[in-house]
Amino acid sequence: MLQTLSVLVRNVTVFLILATGVAQAQEIVADVPYMDDGHARHVLDIYHQPDRGEEGKRPVVIWIHGGGWQTGDKNDVAFKPKYFTDRGMIFVACNYRLLPEVSMDVLIRDVARAIGWVHRNIHRWGGDPDRLIIGGHSAGAQLAALLCIDERYLKETQVDFKSLRACIPV
């Protein structure tokens, strides 16, 4: 029953997007490693619209998944990428190692490294490395808020706090 309802909601949403003419092509670059010789979870997905113009000037939303630091995945983004890419932004969703495999300090640094990789490389997809918006849900919201108020983690990855434009802890 719940699965049927979920499919119905998804189909109605797709219909409404298509009917209102807001649908635009979105490209996904999946499972990009953000660390050399990293863990299987050291990957991120980049959502963008290649024909949006403004190359190198698009704001970048970096999304951190929730899951109580013990579960979750970068694929749990629903319609968020489409929302942001339709508005001329780039959306990046990252994975990180989970508790109890690693300590909280290591987990935080994983996310900081993902942000550092985005800062150094997002220009390839038209993103502005100095217009980063860090967001997340639940445990991801806590990580986003921490990384946006405690500069020591991003300093380790050579990301200046001036590059952060907003924080969206949900």
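Before the structure itself, one term: a contact here means heavy atoms within 4.5 Å. A second one goes with it: helices (H or I, at least four residues) and strands (E, at least two) are DSSP runs, numbered from the N terminus.

This is a predicted model, in which local features need pLDDT of at least 70 and side-chain atom pairs count only at pLDDT 80 or more, while totals for chains, interfaces and linings use all residues. Residues are numbered from 1 along each chain as its sequence is written, and side-chain values use heavy atoms, with hydrogens and water left out.

On confidence, pLDDT is the predictor's own figure for each residue, from 0 to 100. The mean for the protein is 89, and 84% of its residues reach 70 or more. Residues 1-21 stay under 50, and for that stretch the model has five contacts beyond four places in sequence. I will say nothing further about that stretch.

Now the overall layout. The protein has five helices and six strands. Read from the N terminus, the order is α-β-β-β-α-β-α-β-α-α-β. Of the contacts between residues at least 6 apart in sequence, 70% join residues at least 24 apart. For burial, I use relative accessible area with a 1.4 Å probe and protein chains only: buried is under 20%, exposed is over 50%, and partly exposed is in between. By that count, buried residues make up 45% of the 170 residues.

Next, helix α3, residues 104-121. Its expected span is 1.5 Å times one less than its number of residues. For 18 residues that should give 26 Å, and the end C-alpha atoms are 26 Å apart, which agrees. Of those 18 residues, 13 are buried, so the helix is mostly covered. R120, which lies in α3, is partly exposed, with a relative accessible area of 45%. The C-alpha atom of R120 is separated by 9.6 Å from that of T157, 37 residues apart along the chain.

What does α3 pack against in α4, and at what angle? For the geometry, axes are lines fitted to C-alpha atoms, for helices over the stretch in contact, and angles run from 0 to 180 degrees between N-to-C directions. The angle between α3 and α4 (residues 139-149) is about 75°, and their axes are 11 Å apart. That makes α3 roughly perpendicular to α4; the class covers 65 to 115 degrees, with under 35 roughly parallel, over 145 roughly antiparallel and the rest oblique. From α3, the residues involved are M104, L107, I108, V111, A112 and I115, and they meet Q142, L143, L146 and L147 of α4. Sorted by type, the residues of this contact are nine nonpolar, one polar and no charged. The classes put Ala, Val, Leu, Ile, Met, Phe, Trp, Tyr, Cys and Pro as nonpolar, Asp, Glu, Lys and Arg as charged, and the others, Gly among them, as polar.

Staying with α4, eight of its 11 residues are buried, so the helix is largely enclosed by the rest of the structure. Those buried residues are A139, G140, A141, L143, A144, L146, L147 and C148. They pack against β3, α3, β5 (127-136), α5 and β6.

I133 counts as buried, at 13% relative accessibility. Not counting residues up to four places away in sequence, I133 touches P59, V60, V61, I62, A166 and I168.

For contrast, take strand β1, residues 27-33, where A30 lies. A30 counts as partly exposed, at 46% relative accessibility. Leaving aside neighbours within four places in sequence, A30 is in contact with L44 and D45.

Last, the backbone. Most residues other than glycine have a negative phi, and most peptide bonds are trans. Where does this model depart from that? W69 has a positive phi of about 65° although it is not a glycine. W69 sits in the loop between β3 (58-64) and α2 (80-85), and is partly exposed at 26%. Q158 also has a positive phi, about 60°, and is not a glycine. Q158 is in the loop between α5 (152-155) and β6 (164-169), and counts as exposed at 62% relative accessibility. Finally, a cis peptide bond joins L99 and P100, with omega about 0°. P100 is found in the loop between β4 (90-94) and α3.
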